[in-house]
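What does each one rest on?

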Amino acid sequence: MTELEKNKNKSQEKLLEITNLGKSFDGKKVLEDISLTVNRGEVISIIGPSGSGKTTLLRCATFLEAMDSGELSYCGKKVVTTKNGKAVYPGKAEMKEAKSKFSLVFQSFNLFPHFNVLKNVTDAAIHVMKRDKEEVLTEARQILKKVGLEEKLNAYPCELSGGQQQRVAIARALVMNPEILYFDEPTSALDPEITAGILRIMRELAEEKMTMVIVTHEIDFARAVSDRVIFMDGGYIIEQGAPKDVIDNPSNERTKAFLRKLSV
């Protein structure tokens, strides 16, 4: 097999497969029959109105919420199966392995207030993943330099701006060496000037072929960096495809109506 063929096969590797995901809260369906595949190196943006199920989909993919039904695989290994119409989860060891495949960046940063920047970034990699401490510290310093925080290693979250806190959160996610990096509305708590800096970092990650799934309301950003855009509404995937199709030339009326509202 040539190097070109190897790279092509690698790019077609399925890192995440979700089939027929269903989720309800208090008897109300919030996700219905969701199927999604994420290939290595892909950048996927998920757009849609509030309450459409975008965040719940991310929370199910990252095990922060339990699926009611459906199946889920990471890197070709089945994690969640369905038995008698109900989702079945594996034991602790299998779950730990699955959780090692991804990192999630929250919109509210979720930093530990009593940890400085360096400890926030490295703590999980050292104590949860049990990686070599010196190796993690070296990598963390490199990543913090990359996101422009090399001079803030000893600062605490209360001493940082919102944009700086979000950059710490991104660095923390990256030091876990994830196969997939999830973002849940990473700029929604930030003002426009700070948002631009966060989006610039995410663009750089996209250029480096980091596999990312991004819930976002930044339509221009989604158009610029995404390989695929998914539009969700009412707990369903309504439309998906290349940005030029879903954003610039949507075929579904619900997608068209959503994008019209954003342009007003």
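Predicted model: local features only at pLDDT ≥ 70, side-chain atom pairs only at ≥ 80, totals over all residues.

Q: Why is Phe-109 called buried?
A: Buried means under 20% relative accessible area. Phe-109 has 11%, so the label applies. The residue sits in the loop between strand 7 and helix 4.

Q: What makes the phi of Phe-109 worth noting?
A: Most residues other than glycine have a negative phi. Phe-109 has a positive value, near 75°.

Q: Why is Glu-185 called buried?
A: The relative accessible area of Glu-185 is 15%, and the label takes values under 20%, so Glu-185 counts as buried. Glu-185 belongs to the loop between strand 8 (180–184) and helix 7 (192–207). Its phi is also positive, near 45°.

Q: Why is Ile-237 called partly exposed?
A: Partly exposed covers what lies between buried, under 20%, and exposed, over 50%. Ile-237 has a relative accessibility of 23%, so it falls in that class.

Q: Where is Ile-237 placed, and which residues does it touch beyond four places in sequence?
A: Ile-237 is part of strand 11 (residues 236–241). It touches Ile-34, Ser-35, Ile-230, Phe-231 and Met-232, leaving aside residues up to four places away.

Q: What makes up the lining of the largest pocket?
A: The lining divides into 12 nonpolar, five polar and five charged residues. The volume of this pocket is about 720 Å³. Of its 22 lining residues, Lys-99, Phe-102, Ala-124, Val-128 and Met-176 are the closest to the centre.

Q: Which element gives the most to that lining?
A: Helix 3 does, with four residues. Elements that each supply at least two residues are helix 3 (92–99), strand 7 (102–105), helix 4 (117–127) and helix 6 (162–174).

Q: How do you know where confidence is lowest and highest?
A: Mean pLDDT is 50 in helix 1 (residues 3–11), the lowest, and 98 in strand 4 (residues 69–74), the highest. Over residues 3–7 the score stays under 50, and the model has one contact beyond four places in sequence for them. The protein averages 92, and 95% of the residues score at least 70.

Note on methods
Residues numbered from 1 in each chain as written. Heavy atoms only, no water. 1 Å grid on protein atoms, 1.4 Å probe; cavity = no way out; pocket = protein on both sides within 12 Å on 5 of 7 lines; lining within 4 Å. Points joined across faces, edges and corners; volume = space filled by probe spheres on them. Nonpolar A, V, L, I, M, F, W, Y, C, P; charged D, E, K, R; others polar. pLDDT = per-residue confidence, 0-100. Contact = heavy atoms within 4.5 Å. Buried < 20%, exposed > 50% of the residue type's maximum accessible area, 1.4 Å probe, protein only.
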